[in-house]
Amino acid sequence: MTQSARDDQDFRAMMGDVRPLSCNGNRADPGRSRRSPTEAQLARRQHAETEGEGDSFLSDDFVDLIAPFDPLEYRRDGIQQGVVDRLRHGGYTAQARLHLLRRPLAECRRILPGFIQEAYAHDLRSVLIVHGRGREIDSAPNVLRSYLAKWLAQFEEVQAFVSAQQADGGLGATWVMLRKSERARAANRERQQKRRG
């Protein structure tokens, strides 16, 4: 008997009690069927769909490009220069951060209002927005930076904004000072009245 004949005989001996699968059961068992989405998932889905439909009040019209090495600075009337200087030098802690690096302009325009309004609703006063800075005058980060300067000035909640120091991101990041909410003002008045006694 040759070697291949012996191998065939050994193979048949090992496979003697093996039976072929029936045609009905030759599929993998995928487990339980998927459950329907929860109420929370449906609510998030609906919010995401309606969020894109709403027209933002932020303009995406023409903007004057800000040069890559020009710092951003803005303050509303009544805001002292000392507050802006302290903000610029990181004198206030970043209570929230928004990273817009490498995001499309349309997405930045869509998420910025929610971030500012949510920070204001939670009585946050100083937030840091990281947006990047290009080296060329018309590079994408400078376009975003230029629009950001235009957009931030359109928010009633924003009192001032300035470019950050190098330790906080340099010209690729912007500190934003938000005004106090009515709730925070009321709490502040109450504290002052208690002191006066």
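Of the contacts in the protein chain between residues at least 6 apart in sequence, 71% join residues at least 24 apart, where contact means heavy atoms within 4.5 Å. The model is a predicted one, in which local features need pLDDT of at least 70 and side-chain atom pairs count only at pLDDT 80 or more, while totals for chains, interfaces and linings use all residues. Residues are numbered from 1 along each chain as its sequence is written, and side-chain values use heavy atoms, with hydrogens and water left out.

The protein chain holds six helices and five strands, taken as DSSP runs numbered from the N terminus (helices H or I, at least four residues; strands E, at least two). Their order along the sequence is α-α-β-α-β-α-β-α-β-β-α. Of the 197 residues, 30% are buried, a word that stands for under 20% relative accessible area, with exposed meaning over 50% and partly exposed in between (1.4 Å probe, protein chains only).

Some of the buried residues form nonpolar cores, that is, sets of buried Ala, Val, Leu, Ile, Met, Phe, Trp, Tyr and Cys residues joined through side-chain atoms within 4.5 Å. The largest such core has 27 residues, and those with the most contacts inside it are Leu-100, Leu-112, Ile-116, Ile-129, Leu-152, Val-158 and Val-176. At least two residues of this core come from each of strand 2 (96-99), helix 4 (105-121), strand 3 (126-130), helix 5 (140-152), strand 4 (158-163) and strand 5 (173-178). Another core, of eleven residues, lies apart from it and includes Val-84, Leu-87, Leu-128 and Ala-164. Within the largest core, Ile-116 touches Leu-152, Phe-155, Glu-157, Val-158 and Leu-178, when residues up to four places away in sequence are not counted.

Strand 2 pairs with strand 3 in the parallel sense over four bridges, pairing being assigned if DSSP finds at least two bridges between two strands, and Leu-98 stands opposite Ile-129 in strand 3. From strand 2 the chain crosses through helix 4 to strand 3, in a β-α-β crossover that is right-handed; with the strands pointing away from the viewer, the path from the first strand over the helix to the second then runs clockwise.

Aromatic rings of Phe, Tyr and Trp (its six-membered ring) pair if their centres lie within 6.5 Å, and planes under 30 degrees apart count as stacked, over 60 as edge-to-face and the rest as tilted. By this rule there are two aromatic pairs. Tyr-74 and Phe-161 form a stacked pair, at 5.1 Å centre to centre and with 20° between the planes, and this pair links distant parts of the chain, since Tyr-74 is in strand 1 (residues 73-75) and Phe-161 in strand 4, 87 residues apart. Tyr-74 is partly exposed, with a relative accessible area of 22%, whereas Phe-161 counts as buried because its relative accessibility is 3%. The rings of Tyr-147 and Trp-151 have centres 5.4 Å apart and planes at 35°, so this pair is tilted. Tyr-147 and Trp-151 both lie in helix 5, four residues apart, which is about one turn of the helix, and both are buried.
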